[in-house]
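Try each task before you read its solution.

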Amino acid sequence: EFDALSTLPGFDTHDDSAIATLGRECNVHGGRGKVSFGTEASLFHDANIPTVICGPGSIDRAHKADEYITLDELAEGEAFLRRLARELS
């Protein structure tokens, strides 16, 4: 027996979509992949809002006790957002 604590629709932004391409162009480190956890990104995607999931730090440390990001990771996240802003302006 299972009790659903939360349900979200599946989420899949295709690699050849414009938003995924933009994300790759702004990410100088090239890291990308699929994740197996829930996020409200699927709600935006289902509302026809181009969506990707991104953020600084390691997913291995995220959303658990003692979660943290390093100052270098924070700086990389800021640089990503600056590149994104330049692309969108």
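## Exercise 1: A serine in a helix

Serine 42 is found in helix H2. This is a predicted model, so every solution below reads a prediction.

**Task.** Decide whether serine 42 is buried or exposed, and find which residues it is in contact with, leaving aside its neighbours within four places in sequence.

**Solution.** Begin with the relative accessible area of serine 42, which is 1%. Buried means under 20%, so serine 42 counts as buried. Next, set aside the neighbours within four places in sequence; serine 42 is then in contact with Leu8, Pro9, Gly10 and Phe11.

## Exercise 2: A serine in a loop

**Task.** Locate serine 36, and work out whether it is buried or exposed.

**Solution.** Serine 36 sits in the loop that lies between H1 and H2. Its relative accessible area is 76%. Exposed means over 50%, so serine 36 is exposed. For a sense of distance, take alanine 75: serine 36 is 39 residues from it in sequence, and the two C-alpha atoms are 26 Å apart in space.

## Exercise 3: The two sides of H1

**Task.** Which residues of helix H1 (residues 18–26) are buried, and what do they pack against?

**Solution.** First pick out the buried residues of H1: Ala20, Leu22, Gly23 and Cys26. Now look down the axis of H1: these buried residues fall within an arc of 160 degrees, so they line one face of the helix. Ala18 and Glu25, on the other side of H1, are exposed. Finally, look for the partner: the buried residues of H1 pack against H3.

## Exercise 4: Length and faces of H3

## Exercise 5: Two cysteines

**Solution.** The search of the whole structure finds 0 disulfides. For cysteine 26, the closest cysteine sulfur is that of cysteine 54, at 9.2 Å, which is too far for a bond. The cut-off for a disulfide is 2.5 Å between the sulfur atoms.

Then compare the surroundings. Cysteine 26 is buried, with a relative accessible area of 0%, whereas cysteine 54 counts as exposed at 55% relative accessibility. Cysteine 54 is in the loop between helix H2 (41–46) and helix H3 (71–88). Arginine 32 is 22 residues from cysteine 54 in sequence, and their C-alpha atoms are 8.9 Å apart in space.

## Exercise 6: Aromatic rings

**Task.** How many aromatic pairs does the structure hold, and which residue lies over the face of tyrosine 68?

**Solution.** The count of aromatic pairs is 0. Tyrosine 68 does have a charged residue over its ring face: arginine 61, at 4.2 Å from the ring centre.

Conventions. Residues are numbered from 1 along each chain as its sequence is written. This is a predicted model: local features need pLDDT of at least 70, side-chain atom pairs count only at pLDDT 80 or more; totals for chains, interfaces and linings use all residues. Side-chain values use heavy atoms; hydrogens and water are left out. Helices (H or I, at least four residues) and strands (E, at least two) are DSSP runs, numbered from the N terminus. Buried means under 20% relative accessible area, exposed over 50%, partly exposed in between (1.4 Å probe, protein chains only). The arc is that of the directions from the helix axis to the C-beta atoms. Contact means heavy atoms within 4.5 Å. Rings of Phe, Tyr and Trp (its six-membered ring) pair if their centres lie within 6.5 Å; planes under 30 degrees apart count as stacked, over 60 as edge-to-face and the rest as tilted. A charge sits over a ring if NZ of Lys or CZ of Arg is within 6 Å of the ring centre and within 35 degrees of the ring normal.
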